[in-house]
Amino acid sequence: MVSALIAPSKTDSTASAAALLAWYDRHRRTLPWRAAPGETPDPYRVWLSEIILQQTTVAAVRPYYERFLARFPTVEALAQAPQEAVMQAWAGLGYYSRARNLHACARMVVALHGGRFPADEKALLALPGIGAYTAGAIAAIAFNKVAVAVDGNVERVITRLHAVEEPLPGAKPLVRELALAMVPQDRPGDFAQALMDLGATICTPKKPACVLCPLSSPCRARAEGTAETFPRKEAKTAGRLRRGAAFVALRTDGHVLLRTRPPKGLLGGMAEVPVSEWRHDYEIREALRDAPLPGVWRRKPGMVRHVFTHFPLELAVFTASFAVDTEAPAGGRWVPRHSLAGEALPNVMRKVLEKALES
Ligand code: SF4
């Protein structure tokens, strides 16, 4: 239940929702996956955009979304595509388990639902890679069901609007309830998108534009002058730094040695140059024991740094040159440099190759 201390009255919620929708009708963002006013949204596009958008920005996602849609224009096309093609189209977005789930979800929608996304939040939640946020977004935006999609933007708006003192993530159920209490019966889809737009363009983490905000009059944090201090957050502990070595073997005809990571686990199924284990106590001085081929390995100055969700990583990069007739070690393959762009290389590997190939 919403705490009695911050529970808004039904009239307040209705007035706030109406003000927000009026603002949305004037200022809605034009996005490639968003249906124009009066147009029926395509659930496949809504789902695809929401999965690609997780943990990243609209600007970064736009080209990926457009490329994805051109390559896989329907859920059936995506379901039939080989996993490699999906991973390749996803390369660079990070969070690769999401790409695997995306593919599995498309297959399940085709196999169990005849290629039509279910409209119900519960049925959506049963699909791979669809959590509470995405289920709410699809139900509301694609099917106009009374549902909420609470992401970081929406959490910010709601915690400020009601000055929610409880820190996140503990406050998540409360935020969800507060948002749900505002959803108007007649326009749930627009309301969900309006909250997203407000969080992305007006109620920003730093310096929110409260004077332009349709919720400025009921907003408690604005009244108290504390907007930027919300949402409250529990102190978080960063993962421990891991280290390792990456080996870029170059053949004299311009081929680079690559291999494919095991299908399960971190960066599963993605391409990589041979690497050592990544451990907090990895000894870079002894890295050459992990080299994939005997050769004259030279270390590049500096380290490649990358931050995964659960830990930061530092990689020492080694390079060595090999004759054209050098055989690839078990599990490896020689790839021409000009074909590297077509490989499913995650960002960390792109950084490694950039360092190795820099003159
Ligand atoms: S008034 Fe300011 S703090 Fe409150 S919701 Fe609007 S932009 Fe955010």
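**Notebook: domain contact and ligand site**

I looked up the area buried between domain 1 and domain 2, meaning the accessible area (1.4 Å probe) that the two parts lose on being put together, summed over both, and found about 720 Å², with carbon and sulfur atoms giving 54%. The model is predicted, so I note that local features need pLDDT of at least 70 and side-chain atom pairs count only at pLDDT 80 or more, while totals for chains, interfaces and linings use all residues. Residues are numbered from 1 along each chain as its sequence is written, and side-chain values use heavy atoms, with hydrogens and water left out.

I took the bounds, 10-229 for domain 1 and 242-357 for domain 2, from an automatic or database domain assignment. The contact (heavy atoms within 4.5 Å) takes seven residues from domain 1 and 14 residues from domain 2.

I then turned to the ligand, where the residues with a heavy atom within 4 Å include Arg160, Cys203, Cys210, Cys213, Cys219 and Arg222.
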